[in-house]
Amino acid sequence: MAERVIPLVDARAVRPLPAAGARASGPTPADRLGRPLRDLRISVTDRCNFRCSYCMPKEVFDKRYAFLPHAALLSFEEVTRLARLFLQLGVRKLRLTGGEPLLRKDVERLVGMLAALRTVDGKPPDITLTTNGSLLARKARALKDAGLQRVTVSLDALDDAVFRRMNDVDFPVADVLQGIDAARAAGLGPIKVNMVVKRGTNDHEIVPLAEHFRGTGIVLRFIEFMDVGATNGWRMDEVLPSATVIERLQQVHPLAPLEAAAPGETAERWRYLDGGGEIGVISSVTRPFCRDCNRARLSTEGRLYLCLFASSGYDLRELLRGGADDARIADAIAAIWQQRDDRYSEQRQAMAADTGRGARRVEMHYIGG
Ligand code: SAM
Ligand code: SF4
Ligand code: SF4
């Protein structure tokens with residue numbers, strides 16, 4: 001059967017690497033908008049066992065969809081080598097993502113390799129992982145033992161029927177909750193839970209989820225439905241602004257804003273006035289935070305993306321497999337970062353609400369969230 005041509009394949013375009021040039025060692029200078037390089041998100045697989053409609057809709061990611069062959073994926077050794085160079089360039093935080101990162105065979109071995117690395121200041125990197133939680137009950141202990149510090153679990157509803165519909169593979173909410181319990185028991189904390197809010201689909205689950213996690217020490221974060229990729233049929237009228245999320249919660253449990261814990265943090269933090277803990281809102285659509293964006297993304301096949309909404313990436317695998325030495329690769333990464341001027345969400349806000357629809361952007365499951 002002929003393979004279907006879908007926008008996603010076109011969006012995996014490659015940008016030319018900068019020419020080799022001498023660079024002083026140490027952290028890379030800031031990008032063109034003055035933003036340092038601090039955070040590297042590493043996608044370890046483009047596959048997933050869920051089909052969330054806002055990320056990997058079933059109609060597109062079906063049996064005929066060509067996922068990357070194993071040989072195309074960066075090996076753990078390749079990922080670790082790149083991570084080491086990124087840390088030398090100033091990165092402090094590594095986040096494993098995907099697709100579903102726990103589907104990558106022996107991912108805990110990669111965690112162990114990354115945990116042995118050091119930042120430019122000689123400190124252990126902050127290592128975390130974003131997961132749909134489906135395999136967490138089985139994997140939490142091994143991940144912790146390998147050196148993982150924390151996890152973020154995605155959970156879009158507490159109601160089983162709503163959750164099964166949203167993951168679109170009939171996966172039960174109880175199993176994700178069990179995964180969260182296992183992560184907690186293993187000491188993978190503080191745990192964060194991410195809920196993508198789609199107006200009319202799961203916004204009635206905001207308060208039940210908040211009440212479920214209140215007082216547990218787990219921080220629930222509400223994410224605005226974003227126009228990532230080109231396949232999720234994004235519409236502005238399905239975005240529920242974070243301000244509305246806060247209003248709805250305030251009606252039940254009064255909240256007060258908190259200071260950001262770190263510069264470049266994506267979530268705005270709030271605390272329950274009665275001491276029930278903390279929640280967060282990630283307002284990528286209505287209150288973009290590009291100004292402080294210090295994140296780079298490494299795709300499953302070793303392409304470096306400078307923005308979640310980028311349409312092309314830089315092929316670092318070519319350098320790795322072409323025999324480039326560490327200095328050449330570090331120079332290339334530093335030069336790429338220094339040229340960076342991406343600020344898609346701010347630009348989107350300046351455009352008409354839905355002009356971005358159908359654009360050829362890279363898919364979220366490929367470069368990770
Ligand atoms: N499979 C893992 C998971 O779901 O946690 C990791 C990868 S997933 C791409 C990372 C995060 O991106 C998840 O929290 C997911 O909910 C979020 N995400 C995916 N598509 C999104 C969209 N269109 N808008 C907002 N968040 C999205
Ligand atoms: Fe899979 Fe995560 Fe995307 Fe859902 S959001 S389809 S769990 S990669
Ligand atoms: Fe960073 Fe791009 Fe998101 Fe702006 S739109 S915060 S530059 S990833």
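Predicted model: local features only at pLDDT ≥ 70, side-chain atom pairs only at ≥ 80, totals over all residues.
Reader: What residues are around ligand 3?
Author: The residues around ligand 3 include Phe-289, Cys-290, Cys-293, Cys-307, Asp-342 and Tyr-344. A residue is near a molecule if one of its heavy atoms lies within 4 Å of it.

Reader: Which elements supply at least two residues of that shell?
Author: They are β11 (295–298) and α11 (344–350). Helices (H or I, at least four residues) and strands (E, at least two) are DSSP runs, numbered from the N terminus.

Reader: How does the shell around ligand 3 divide by class?
Author: The shell has 7 nonpolar, 1 polar and 4 charged residues. Ala, Val, Leu, Ile, Met, Phe, Trp, Tyr, Cys and Pro count as nonpolar, Asp, Glu, Lys and Arg as charged, and the others, Gly among them, as polar.

Reader: Turning to cavities, how many of 30 Å³ or more does the structure hold?
Author: The structure holds 1 such cavity, and about 50 Å³ of space lies in the largest cavity. On a 1 Å grid over the protein atoms alone, a cavity is a set of points where a 1.4 Å probe fits but cannot get out, and lining residues have an atom within 4 Å of a point.

Reader: Which residues lie nearest its centre?
Author: Of the 13 lining residues, Phe-213, Arg-214, Ile-218, Tyr-272 and Glu-278 lie nearest the centre of the largest cavity. α7 (206–213) and β10 (278–282) each supply at least two residues of the lining.

Reader: What salt bridge does Glu-278 form?
Author: Glu-278 pairs with Arg-269, with the closest N and O atoms 2.7 Å apart. A salt bridge is a side-chain nitrogen of Lys or Arg within 4 Å of a carboxyl oxygen of Asp or Glu.

Reader: How many salt bridges are there in the structure?
Author: The structure holds 25 salt bridges. One of them joins Asp-341 and Arg-32, at 3.7 Å between the closest N and O atoms. Asp-341 lies in the loop between α10 (326–339) and α11, and Arg-32 in the loop between β1 (13–15) and β2 (39–43), so the pair ties together parts that are 309 residues apart in sequence.

Reader: Is Arg-32 buried or exposed?
Author: Arg-32 is exposed, at 57% relative accessible area, whereas Asp-341 is partly exposed at 41%. Buried means under 20% relative accessible area, exposed over 50%, and partly exposed in between (1.4 Å probe, protein chains only).

Reader: What are the conventions here?
Author: Residues are numbered from 1 along each chain as its sequence is written, while chains are lettered from A and ligands numbered from 1 in the order in which they are written. Local features need pLDDT of at least 70, side-chain atom pairs count only at pLDDT 80 or more, and totals for chains, interfaces and linings use all residues, while side-chain values use heavy atoms, with hydrogens and water left out.

Definitions and conventions:
1 Å grid on protein atoms, 1.4 Å probe; cavity = no way out; pocket = protein on both sides within 12 Å on 5 of 7 lines; lining within 4 Å. Points joined across faces, edges and corners; volume = space filled by probe spheres on them.
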